[in-house]
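Subject: The model, and what turned up in it

Hi,

Here is the structure I promised to pass on.

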Amino acid sequence: LSDIQVVKYEDEKYRFNILSKNILKVLKKSKDDLNKLLNAGFNEIKTYFRIYEEAMKKIMNNENLFLLIHKMLILELEQSKDKRFHIGHIKNLMNINYEYLKGVGAMNSNEKDILKTYSGAGFYLKKAYKDKSSENKLNGISYRLLNALKTNNQGMFMDTVLNCYLYTGKQIPGFFTDCLKEIESLKTIGYAFVSGLMDGEIKEEKTNGGKE
């Protein structure tokens, strides 16, 4: 395949996009995650935004999804009445964004399920806070981490993470050193970690008749 030109007619205007081979591969690999976003959305300024459409617009414009991920995490953290999505949809979006970053050469890791490793660390940290009866501190921590990610503040992010692990007495995972590299690494690790910190749940298959 060569590059493909897409012409869309929206709001009485024509919009043009060029889809490169890399973008086409991202869309193909992300088909399942994209389909899961079809019924998800949120209201903002009297307008309903469909997450599938917002994600497609950004990918077709050759943009990453970090701003959209950030917006959705904030709405989830606030338990906003304007949202029509859950944490699973945010993780779908992270998977799509990770494929995009690999496609444009911003991420080099091909390790399978690496995002689950990052979010899993957030889950186990939340569990450690629960064990210390300090779960009430997690919202404030999540806001600080999200603020650091939004402003690309690697120092603030790492200081907050280190303080959390010192407080719980747990060993900090080695992958956090990658947060000091490219901004894309900081945001990829950071948003996945925060999603696990907020979700606090890892679904595992059970053997009792196939039920979870």
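A quick definition before anything else: I call a residue buried when its relative accessible area is under 20%, exposed when that area is over 50%, and partly exposed in between, using a 1.4 Å probe and protein chains only. Please keep in mind that this is a predicted model, so local features need pLDDT of at least 70 and side-chain atom pairs count only at pLDDT 80 or more, while totals for chains, interfaces and linings use all residues. Numbering runs from 1 along each chain as its sequence is written, and side-chain values use heavy atoms, with hydrogens and water left out.

**Salt bridges**

My rule for a salt bridge is a side-chain nitrogen of Lys or Arg within 4 Å of a carboxyl oxygen of Asp or Glu. That gives 9 salt bridges. One of them joins the side chains of E44 and K71, at 2.3 Å from N to O. E44 sits in strand β3 (residues 41-44) and K71 in helix α4 (residues 66-77), so this pair ties together parts that lie 27 residues apart in sequence. (Helices and strands here are DSSP runs, H or I of at least four residues for helices and E of at least two for strands, numbered from the N terminus.) Both ends are partly exposed: E44 has a relative accessible area of 28%, and K71 comes in at 29%.

Two others are worth a look on screen. E76 pairs with K83, with the closest N and O atoms 3.0 Å apart, and both of these residues are buried. D178 and K181 also form a salt bridge, their closest N and O atoms being 2.9 Å apart. Here D178 is partly exposed at 23% relative accessibility, whereas K181 is exposed at 52%.

Strands β1 (residues 4-10) and β2 (residues 13-19) pair in the antiparallel sense over 7 bridges; I count two strands as paired if DSSP finds at least two bridges between them. They make a hairpin with 2 residues between them, and D11 in the turn has a positive phi of about 50°. If you want a landmark across the pair, Y9 stands opposite Y14 in β2.

α5 is mostly covered, with 12 of its 17 residues buried; among them are I87, M94, Y98 and L101. The cover over those buried residues includes α1 (21-29), α2 (31-35), α3 (51-60), α4, α6 (114-131) and α9. After α5 comes G105, with a positive phi near 85°.

**A cavity**

F66, I69, M94, N97, Y98, L101, L115, K187, T188 and Y191 line the largest cavity. The elements that give two or more residues to this lining are α4, α5 and α9, and the largest share, 4 residues, comes from α5. On method, a cavity is a set of points on a 1 Å grid over the protein atoms alone where a 1.4 Å probe fits but cannot get out, and lining residues have an atom within 4 Å of a point.

S195 is in helix α9 (residues 183-199) and is buried, with a relative accessible area of 0%. Leaving aside neighbours within four places in sequence, S195 is in contact (heavy atoms within 4.5 Å) with L73, I87, K91, M94 and S119. S119 is in helix α6 and counts as buried at 10% relative accessibility. Not counting residues up to four places away in sequence, S119 touches K91, A192, F193, S195 and G196.

Is S133 buried or exposed? S133 is exposed, at 67% relative accessibility, and is found in the loop between α6 and α7 (138-150).

Cheers

Technical notes:
On a 1 Å grid over the protein atoms alone, a cavity is a set of points where a 1.4 Å probe fits but cannot get out, and a pocket is an open set with protein on both sides within 12 Å along at least five of seven lines; lining residues have an atom within 4 Å of a point.
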